[in-house]
Amino acid sequence: MFMACSDILMVEAQKCKPSGKIKGKKPPKDQCRPGDECCVEGKFYTTYKCSPPVTGHTKAILTINDFDKGGDGGGPSECSGKYYHNSIPVVALSTGWYSKGSRCFENITIHANGRSVKAMVVDECDSGRGCDAPHAYLPPCQNNIVDASAAVWKALHVPKKDWGWLEIVWSD
């Protein structure tokens, strides 16, 4: 049986479906930092318990996170209970890829912008919960996010004005 590329992509996409929705709550005063996309009261956000399958070249979206104490990443890392300076190449993976901590302290290789960088997994970008204090009043992550420190963006030579969202490929 012959399968077209579009059929294969559809099969892959069907392996991870939304698990539900949560209703946004209004963050308390001074809890939403300027520039953050905090939850909107009454808006529904899709949640996931899974991520797309990991391959040798897993497609993802790179986002920026501040892993320092007091940063926009919320609490300390899930893996160590510690904060990390943004000069260290660290990442948080969407819930499915984080896999209940099985990738904690493992290095992944991120490819983008004609470059690659190794970064250590230290946290989960929660795809199943959000809009509360432990998640800095941010919506749940999409299921295909690699949330990275400034060190990762610098190593990929992405101009600072373009930090925030970038299509990447990563591997274990």
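Q: Which two strands pair with strand 4, and in which sense?
A: Strand 4 and strand 7 (residues 145–148) pair in the antiparallel sense over 3 bridges. Two strands count as paired if DSSP finds at least two bridges between them. Ala92 stands opposite Asp147 in strand 7. Strand 4 also pairs with strand 6 (residues 115–125), in the parallel sense, over 5 bridges. There Val91 stands opposite Val121, and Ser94 stands opposite Cys125.

Q: What kind of model is this, and how are its residues numbered?
A: This is a predicted model: local features need pLDDT of at least 70, side-chain atom pairs count only at pLDDT 80 or more, and totals for chains, interfaces and linings use all residues. Residues are numbered from 1 along each chain as its sequence is written, and side-chain values use heavy atoms, with hydrogens and water left out.

Q: What makes a stretch a helix or a strand, and how many of them does the protein chain have?
A: Both are DSSP runs, numbered from the N terminus: helices are H or I with at least four residues, strands are E with at least two. By that rule the protein chain has 3 helices and 8 strands. Along the sequence the pattern reads α-β-β-β-β-α-β-β-β-α-β.

Q: Why is the protein chain called as compact as a globular protein of its length?
A: The radius of gyration, taken over C-alpha atoms, is compared with the globule rule: 2.2 Å times the number of residues to the power 0.38. For 172 residues the rule gives 16 Å, and the radius of gyration of the protein chain is 16 Å, so the chain is as compact as a globular protein of that length. Along its principal axes the C-alpha trace spans about 60 × 35 × 30 Å.

Q: What makes strand 4 "mostly covered"?
A: Buried means under 20% relative accessible area, exposed over 50%, and partly exposed in between (1.4 Å probe, protein chains only). In strand 4 (residues 90–94), 5 of its 5 residues are buried. For the protein chain, buried residues make up 40% of the 172 residues.

Q: Why is Thr47 placed in its accessibility class?
A: Thr47 has 5% relative accessibility, so it counts as buried. Thr47 is found in strand 2 (residues 44–47). Contact means heavy atoms within 4.5 Å. Leaving aside neighbours within four places in sequence, Thr47 is in contact with residues including Pro18, Ile22, Ser127 and Pro140.

Q: Is Ile168 buried or exposed, and how do you know?
A: Ile168 is at 4% relative accessibility, so it counts as buried. Ile168 lies in strand 8 (residues 165–171). Not counting residues up to four places away in sequence, Ile168 touches, among others, Thr58, Leu62, His111 and Val146.

Q: How far apart are the C-alpha atoms of Ile168 and Ala60?
A: They are separated by 5.4 Å, though the two residues are 108 residues apart along the chain. In the protein chain, residues 24 or more positions apart account for 71% of the contacts with a separation of 6 or more.

Q: What links strand 5 to strand 6?
A: Strand 5 (residues 107–112) and strand 6 pair in the antiparallel sense over 6 bridges. His111 stands opposite Ser116.
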